[in-house]
Amino acid sequence: MTMHPILAALRKHKAGVVLISLQIALTLAIVCNAVFIIGQRIERVNRPTGLDENNLFLISQQWVGAPGGDDPAGVEKLDVMQREDLAALRNLPDVASVAPSNSIPLLNSSWTGSVSIKPGQQLGDKSGTRTAYYFTDDQVFPALGLRLVAGRAFTAADVQHQGARDQRDRPVIIVTKALADKLFPQGSAVGKVIYSDGSSSPSTIIGVVERMQIPASGSWGNDFTWYSTLVPTRLDSNFARYVVRAKPGRLDAAMRAVPATLYGVNPMRVLDDDSVKSFADIRASAYRADVGMAILMGVVCLILLCVTAAGIVGLTSFWVGQRHRQIGVRRALGARKIDILHYFQIENLLIAGVGVVLGVLLAVGLNIWLMTHYEMTRIPALYVLTGVLAMLAIGQAAVFVPARRASNVPPVVATRAV
Amino acid sequence: MFIYYLDLALRSLRRNKALTALMVLAIALGIGASMTTLTVLHVLSGDPLPGKSAQLYYPQVDPQDIKGMSPSKEPPDQVTLIDGLNLLHAVRADHQALMAGGSVPLQPEQSSLDPFYVDARYTTADFFVMFDAPFLYGRGWTEADGDAKARQVVIAKALNDKLFAGENSVGRTLRMAGTSFRIVGVLDSWQPNPHFYDLNTGSYAYSEQVFVPLQTMLDLHLSRSGSNDCWGNGGGGTDNILPSDECVWLQFWVQLDSPAKAVAYKEFLTHYSQDQKTLGRFQRAPNVRLRNVMQWLDYQMVVPDDVRLQNGLAFGFLLVCLVNTVGLMLAKFMRRAAELGVRRALGASRRALFAQLLIESGVVGLVGGCGGLLLAMFGLWLVRQRPSDYAALAHLDLSMLFITFVLAVCATLLAGLLPAWRACQIAPALQLKSN
């Protein structure tokens, strides 16, 4: 079949053709970018923290009437209280291991500082980088399920304690592989010396963990998401967090046993509903905005595609009705049903083709605009290409029903008046 | 004539039920989605203290060391304790208050209640007057009380209801963090949205339950929360450990009743920075800002990016729905060329036809607007079910209701313009002949 009659017919319906192309173009532009955003959100939400997240929970609690922690005696007293808690938790039958920690990935409460390969350097110097500190003890590896890829883990002899405000040297630390590679791009970081938080006393890297996310899940942490540093130091204040690994399948039982156990050690404390939280809950609350956004965008995209498909059906139906007689004439002159079907399909392909070309331009333009106003990256060609194919497929699917109806117009119509 | 056209419109719409339904549904979906997000945006970018916000200013000074300095950089978002107290004691504004957020464990006297945490605001005496916080019973503490580190507390209505069954609790004792406080005032319901005076706590639907003098908090080392930014050897404070002198962690607000006073205050800030530099405390050249509430909220980009993105998406969606409606209406009107040709031949003017067709599209818009309103209400209900901090605020107000209808009708009339105009161009003779 030649294109000529189709083009000639389309020229008679300029406004309709322009509108439907425009609609397809807009739909493509919006859906491409929305799906891209959904993809980014899903990617964020699904990235592993580096922990073994099953059977893991966190306790956050505060003592009431505890020493302030400003004088050495108060710090010692607080440390004793913390160690009593740890011992009691470690004795629970359903608990595999426990470590104190000032935070945990995705908790959004962090001690953020800097590390540098030069002494006394502040953030913003080229030799250093931002990092999130985890202050913990030698049990952190079994408790969090971290994977050591080089060097050694902390031992009990490495562990110190300090008042949460005190500045104390950090003779040994463990960093993530991402941070090690950033600080020492050429070669192993184990045994190397770095300086933390602008200090001039050295810290030796004794081990490297494969992966450990920082506590901040928001976009402000995007440029140091994997730069975590572990310090074998218990922080002593009237507030303490413990990360607890339950024995496999015993998470609920272990979590239930915690309040009574801790109150048994020392009743002068506050433990409320949020004090004992499974890691799954922490993850869900860290990412719920992302998940909500992805769902919302998904629903809007779906409805948008339906509206556009319905629009194509509606407009084509009208054209079919309008050309009823002409179709009859063509059939009477020997055109087969399939020819009529193909006519409408090709016509739709032409219109949708113009639409998607325009749509690709709009999609890229919209993406560039979004990049300047929001945190967005360039949309990969694959998304646009998939969108183009999907749009063409939807056009064909939408046109099929009215086109089939057109092909069923009997030749005898040609002889009748409308 | 209008009634007749309305009748014609309804007849015509009834003739093509599926198509009418499609047009109405598309309009309703577009309007519903865009009104939902627009309402959320409207609520989130609202003025927390209408009538007062223009007089409230947030001074910023730059006490940071010379490292990482660049001339274009904004000063820190908060103040250090030293600067805060200096500015507070300078008393250069009509009112001023220095504050920080935190939470304290509260031990109720009633043994039936376990100890629980309450969100606290540590602030100075002017806070309540400056922010128009309404008192149900009693009043705030005085400046002298604050300076004396008085163990006094102002509590919120919700806490008063919980602990004292809503009775006047002024003069009674509240035990917090192991210390007894005397209740001097009970606030009536008060929740500025956004929580402009301290955005670290979450921007929306946040309200403190207890208000304690800042000096008392410093004395007792009550637990603080929020952000602290440090430089030099400044150590980050956590919980009950105060940040060091090289950290900014407090908010300082002033009330300046006239623009002239604001200009003068900004000069004062510059002089203050200069003096501090002479003293050797500040290392940078004076870098000050003085923003009022709305400017501050704007600068802090308090409306979440996601909400603005959703709004954009919804309006894109509305645009597609409108284009869709224009296309369908065009097809519909063109198909009725014969009917319109007859009317033209019988003497109807182009204007009359145009009016008739526009009324038809207006009816679609009105019905679509009603549907959109229902969808927007459903959409806002869905938003309220979501766990974000602003969810509870998402309610349709009267102005938004009005905008919904105006938007729906205008949008469809606009969508009807082109098809109606095209349909009116039909030459009557041609149409009559072809029949």
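Predicted model: local features only at pLDDT ≥ 70, side-chain atom pairs only at ≥ 80, totals over all residues.
Residues are numbered from 1 along each chain as its sequence is written, while chains are lettered from A and ligands numbered from 1 in the order in which they are written. Local features need pLDDT of at least 70 and side-chain atom pairs count only at pLDDT 80 or more, whereas totals for chains, interfaces and linings use all residues.

**Exercise 1. The side of chain A that touches chain B**

Task: State how many residues of each chain are in contact, and which element of chain A gives the most.

Solution. Two residues are in contact if their C-beta atoms, placed from the backbone, lie within 7 Å. By this criterion, 47 residues of chain A are in contact with 48 residues of chain B. Next come the elements: helices (H or I, at least four residues) and strands (E, at least two) are DSSP runs, numbered from the N terminus. Those giving two or more residues to this side of chain A are α2 (14-46) and α7 (279-322). The most come from α7(A), with 18 residues. Finally, the side divides by class into 25 nonpolar, 19 polar and three charged residues. Here Ala, Val, Leu, Ile, Met, Phe, Trp, Tyr, Cys and Pro count as nonpolar, Asp, Glu, Lys and Arg as charged, and the others, Gly among them, as polar.

**Exercise 2. Two helix pairs**

Task: Describe how α2(A) packs with α9(A), and how α10(B) packs with α13(B).

Solution. Two packed helices are described by the angle between their axes and the distance between the axes. Axes are lines fitted to C-alpha atoms, for helices over the stretch in contact, and angles run from 0 to 180 degrees between N-to-C directions. Angles under 35 degrees count as roughly parallel, over 145 as roughly antiparallel, 65 to 115 as roughly perpendicular and the rest as oblique.

- For α2(A) and α9 (residues 337-373) of chain A, the angle is about 40° and the axes are 7 Å apart. These two helices are therefore oblique to each other. Their contact has 17 nonpolar, five polar and no charged residues.
- For α10 (residues 305-335) and α13 (residues 398-424) of chain B, the axes come within 9 Å and cross at roughly 30°. Hence α10(B) and α13(B) are roughly parallel to each other. Among the residues that meet are L322(B) and F333(B) in α10(B), and A411(B) and R422(B) in α13(B). By class, this contact has twelve nonpolar, three polar and one charged residues.

**Exercise 3. Strand β6(B) and its partners**

Task: Identify the strands that pair with β6(B).

Solution. Two strands pair if DSSP finds at least two bridges between them. Strand β2 (residues 95-107) of chain B pairs with β6(B) in the antiparallel sense over two bridges, and M176(B) is the bridge partner of L106(B). An antiparallel pairing over four bridges joins β6(B) to β7 (residues 179-187) of chain B, where F181(B) stands opposite L174(B). The hairpin formed by β6(B) and β7(B) has two residues between the strands, and A177(B) in the turn has a positive phi of about 45°.

**Exercise 4. The surroundings of G369(B)**

Task: Decide whether G369(B) is buried or exposed.

Solution. The residue lies in helix α12 (residues 350-385) of chain B. A residue is buried if 20 or more other C-beta atoms lie within 10 Å of its own, exposed if 12 or fewer, and partly exposed in between, with C-beta atoms placed from the backbone. G369(B) has 26 C-beta neighbours inside 10 Å and therefore counts as buried. Leaving aside neighbours within four places in sequence, G369(B) is in contact with I31(B), T404(B), F405(B), A408(B) and V409(B).
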